[in-house]
Amino acid sequence: MDQTPEHPPSTRQAARELRVPVALVARLAGLVGQAMEHRPEALAPYLNAAEQSGQAYASQLLWSEITHEEQGVAEVCSRIRRGDVNDPITLRHAFMLLLALDGWSRVKVCDHPGCRRTFADATNAVSRRRCSRHARHPSRA
Ligand SMILES: [Zn+2]
């Protein structure tokens, strides 16, 4: 019992080893991103809170709102599965799910000069830097 323990993985590393399929997270980010573009006001309170008071506070705010909603979880999940996240309640749930699975890494601000639009990065490599309006390769869109 005098064996020295191996270096324990950091908490951050342990979280990364949850092994959520990238394709699942990317699809969710795609749904959230599309809805964000069509209804930028729907998630604005959380995005503003993240900018002004931090991501942890914004996540808490979102969670608190979700847990007070009357909508049945089964119905919300069914809508997310069908890719229909256009109503605000389902969108909030989809956004919370995205944050729970992948943190805020896919929520980005467009780096085009003067734009500052928020978008959700749905690429597998999480490498997008601009909103759909300023994407470098519009032909791919
Ligand atoms: Zn932009």
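These are my notebook entries on a predicted model of one protein chain.

**Entry 1: overall layout**

I began with the secondary structure. I found 6 helices and 2 strands in the protein chain. Reading along the sequence, I wrote the order down as α-α-α-α-α-α-β-β. I then looked up burial, and buried residues account for 25% of the 141 residues in the protein chain. I also looked up how far apart in sequence the contacting residues are. Of the contacts between residues at least 6 apart in sequence, 50% join residues at least 24 apart.

**Entry 2: helix H2**

I turned to helix H2, which covers residues 22-38. H2 has 17 residues and spans 24 Å from its first C-alpha to its last, close to the 24 Å expected at 1.5 Å a residue. I asked which residues of H2 are buried. I listed Ala 26, Leu 28, Ala 29, Leu 31, Val 32, Gly 33, Ala 35 and Met 36. What covers these buried residues includes H6 and S2.

I picked out Leu 28, which is found in helix H2. Leu 28 counts as buried because 24 C-beta neighbours lie inside 10 Å, and the cut-off for buried is 20 or more. Leaving aside residues up to four places away in sequence, Leu 28 touches Ala 94, Leu 97, Leu 98 and Leu 101.

I next looked at Ala 122, in the segment after S2. Which residues does Ala 122 touch, not counting those up to four places away in sequence? I found Ala 26, Ala 29, Gly 30 and Gly 33. The C-alpha atoms of Ala 122 and Gly 33 are 7.5 Å apart, although the two residues are 89 residues apart along the chain. Ala 26, Ala 29 and Gly 33 are among the buried residues of H2. Ala 122 itself is partly exposed, with 19 other C-beta atoms within 10 Å.

**Entry 3: H3 and H4**

I moved on to helix H3 (residues 44-53) and helix H4 (residues 55-67). Their axes come within 7 Å and cross at roughly 150°. H3 is therefore roughly antiparallel to H4, since angles over 145 degrees are counted that way. I recorded the crossing of H3 past H4 as right-handed. On the H3 side the contact is made by Tyr 46, Ala 49, Ala 50 and Ser 53, and on the H4 side by Gln 55, Tyr 57, Ala 58, Leu 61 and Leu 62. I sorted the residues of this contact into 7 nonpolar, 2 polar and no charged.

**Entry 4: H4 and H6**

I followed H4 to helix H6, which covers residues 88-102. The axes of H4 and H6 come within 10 Å and cross at roughly 135°. That angle makes H4 oblique to H6. I noted that H4 passes H6 in a left-handed crossing. From H4, Ser 59, Leu 62, Trp 63, Glu 65 and Ile 66 meet Arg 92, His 93, Phe 95, Met 96 and Leu 99 of H6. By class I have 6 nonpolar, 2 polar and 2 charged residues in the contact of H4 with H6. Leu 62 of H4 is also listed in the contact with H3.

**Entry 5: H5 and H6**

I checked helix H5 (residues 73-82) against H6. How do their axes cross, and within what distance do they come? The axes of H5 and H6 come within 10 Å and cross at roughly 75°. The two helices are therefore roughly perpendicular to each other. Val 76, Arg 79 and Ile 80 of H5 meet Ile 89, Thr 90, His 93 and Ala 94 of H6. I divided the residues of this contact into 4 nonpolar, 2 polar and 1 charged.

**Entry 6: two positive phi values**

I ended with backbone angles. Most residues other than glycine have a negative phi. I found that Arg 116 has a positive phi of about 65°, although it is not a glycine. Arg 116 sits in the loop between strand S1 (107-109) and strand S2 (118-120). Is Arg 116 buried or exposed? Arg 116 counts as exposed, with 11 C-beta neighbours inside 10 Å.

Val 126 is not a glycine either, and has a positive phi of about 50°. I placed Val 126 in the segment after S2. Val 126 is partly exposed, with 15 other C-beta atoms within 10 Å.

Methods
Residues are numbered from 1 along each chain as its sequence is written. This is a predicted model: local features need pLDDT of at least 70, side-chain atom pairs count only at pLDDT 80 or more; totals for chains, interfaces and linings use all residues. Axes are lines fitted to C-alpha atoms, for helices over the stretch in contact, and angles run from 0 to 180 degrees between N-to-C directions. Helices (H or I, at least four residues) and strands (E, at least two) are DSSP runs, numbered from the N terminus. Angles under 35 degrees count as roughly parallel, over 145 as roughly antiparallel, 65 to 115 as roughly perpendicular and the rest as oblique. A crossing is left-handed if the near helix is turned anticlockwise from the far one by less than a right angle, and right-handed if clockwise. Two residues are in contact if their C-beta atoms, placed from the backbone, lie within 7 Å. Ala, Val, Leu, Ile, Met, Phe, Trp, Tyr, Cys and Pro count as nonpolar, Asp, Glu, Lys and Arg as charged, and the others, Gly among them, as polar. A residue is buried if 20 or more other C-beta atoms lie within 10 Å of its own, exposed if 12 or fewer, and partly exposed in between; C-beta atoms are placed from the backbone. The expected span of a helix is 1.5 Å times one less than its number of residues.
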